[in-house]
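Student: I would like to learn how to read pockets, annotated sites and salt bridges in a model. Could we take them in turn, with the general idea placed beside the particular case?

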Amino acid sequence: MKLRLRWNKQSKPSLFNILSMTAPIYKRILLKLSGEALMGEDKYGINHAVMGRIVAEIEEVSKLGIEIAIVVGGGNIFRGMKSANDGLERVTADYMGMLATVMNALALQDAMKLVGLVPRIQSALRIEQVVEPYVRGRAIRYLKDGKIVIFAAGTGNPFFTTDTAAALRGMEMNVDIMLKATKVDGIYTSDPKIDLEATRFHKLTFDEAIAKNLQVMDATALTLCRDQKLPLSVFSIFKAGALKRIITGEDEGTLVTV
């Protein structure tokens, strides 16, 4: 006697639905990774356990065929603005901060190599004995070849933050979205660590973010994204699977658009 299996269409997802739940909605992304994220709960430096978890999140997204560019900050090693306020010349402090981002990029590169990813660092400052200089065409070629490009040294100019560098590189790389990885899972009406009644915005416009002074990114970066219609997503890099959920279109973090 032959047995026939009959699927209940109402209780079983179709193959199309299964694929659509995991299919990425973006092809090329730029991840803005702050230096503070790399130090975890430490007071300064790089927490290697945290670095490993961040790389694992990036590796998971890379397996979906996403082209990934990264801009890394340096606040875990040196913060230019604070040092300038403490008496160091602002230009000198900013260049020192740029060098800190190169150190973070080198550490991130090594952590990626350990899991089989192929990273390439490009620096806005010329330090050719250590990393290659930024060349837009070469960076795009790396992305198309499946390599992960890490941009270091900000814009290469003082008075500009790594947030602004991320917006600039995102536009130069023609990414579909910029993702800002933070310690908080989105943009809130107020500081959720202080205000227990603070609520998360699911969506915002750039004009609203600027008008409300929500301090998502600096005003220059927000204005660049708004003018070039580059969407921004703010999420927690410490929330397991959050990066992949954004890539597949799930409700995660806060989406900022024009």
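Student: Which helices each supply at least two residues of the lining of the largest pocket?

Tutor: Please keep in mind throughout that this is a predicted model. The helices that each contribute at least two lining residues are helix 2 (35-39), helix 4 (80-85), helix 5 (90-114) and helix 7, and helix 5 gives the most to that lining, with 6 residues.

Student: How much space lies in the largest pocket, and which residues are closest to its centre?

Tutor: The space in the largest pocket comes to about 650 Å³. Its lining consists of 33 residues, among which Lys 32, Arg 79, Thr 161, Thr 162 and Asp 163 are the closest to the centre. Sorted by class, the lining holds 10 nonpolar, 15 polar and 8 charged residues.

Student: How should I read the second largest pocket, and which element gives the largest share of its lining?

Tutor: About 530 Å³ of space lies in the second largest pocket, and of the 21 residues that line it, Thr 182, Val 184, Gly 186, Leu 214 and Gln 215 are nearest its centre. Helix 2, strand 6 (177-182) and strand 7 (187-188) each provide at least two lining residues, with strand 6 giving the largest share, namely 3 residues. By class, this lining divides into 9 nonpolar, 7 polar and 5 charged residues.

Student: Where is Asn 157 placed, and is Phe 160 buried, exposed or partly exposed?

Tutor: Accessibility is read by class, with buried meaning under 20% relative accessible area and exposed over 50%. Asn 157 sits in the loop between strand 5 (148-152) and helix 7 (162-172), and its relative accessibility of 40% makes it partly exposed. Phe 160 is also placed in the loop between strand 5 and helix 7, and at 46% relative accessibility it too counts as partly exposed.

Student: Which other residues does UniProt list for "binding site"?

Tutor: The unreviewed entry also lists Lys 32, Leu 33, Ser 34, Gly 35, Gly 75, Arg 79, Thr 182, Tyr 188 and Asp 191. Of this set, the lining of the largest pocket takes in Lys 32, Ser 34, Gly 35, Gly 75 and Arg 79. Gly 75 belongs to the loop between strand 2 (67-72) and helix 4, is partly exposed with a relative accessible area of 23%, and touches Gly 35 and Glu 36 when residues up to four places away in sequence are not counted. Asp 191, for its part, lies in the loop between strand 7 and strand 8 (200-201), and is partly exposed at 38% relative accessible area.

Student: Which parts does the salt bridge between Glu 252 and Lys 239 tie together?

Tutor: The side chains of these two residues, Glu 252 and Lys 239, meet at 3.2 Å, N to O. Glu 252 lies in the loop between helix 10 (242-247) and strand 11 (254-257), and Lys 239 in the loop between strand 10 (232-236) and helix 10, so the pair ties together parts that are 13 residues apart in sequence. Glu 252 is buried, with a relative accessible area of 9%, while Lys 239 is partly exposed at 35% relative accessibility. Elsewhere, salt bridges that share partners join Lys 32, Asp 163 and Lys 180 into one network.

Technical notes:
Residues numbered from 1 in each chain as written. Predicted model: local features only at pLDDT ≥ 70, side-chain atom pairs only at ≥ 80, totals over all residues. Heavy atoms only, no water. Helix = DSSP H or I, 4+ residues; strand = E, 2+ residues; numbered from the N terminus. Buried < 20%, exposed > 50% of the residue type's maximum accessible area, 1.4 Å probe, protein only. 1 Å grid on protein atoms, 1.4 Å probe; cavity = no way out; pocket = protein on both sides within 12 Å on 5 of 7 lines; lining within 4 Å. Points joined across faces, edges and corners; volume = space filled by probe spheres on them. Nonpolar A, V, L, I, M, F, W, Y, C, P; charged D, E, K, R; others polar. Salt bridge = Lys/Arg side-chain N within 4 Å of Asp/Glu carboxyl O. UniProt positions renumbered as here; feature names shortened; annotations may be inferred. Contact = heavy atoms within 4.5 Å.
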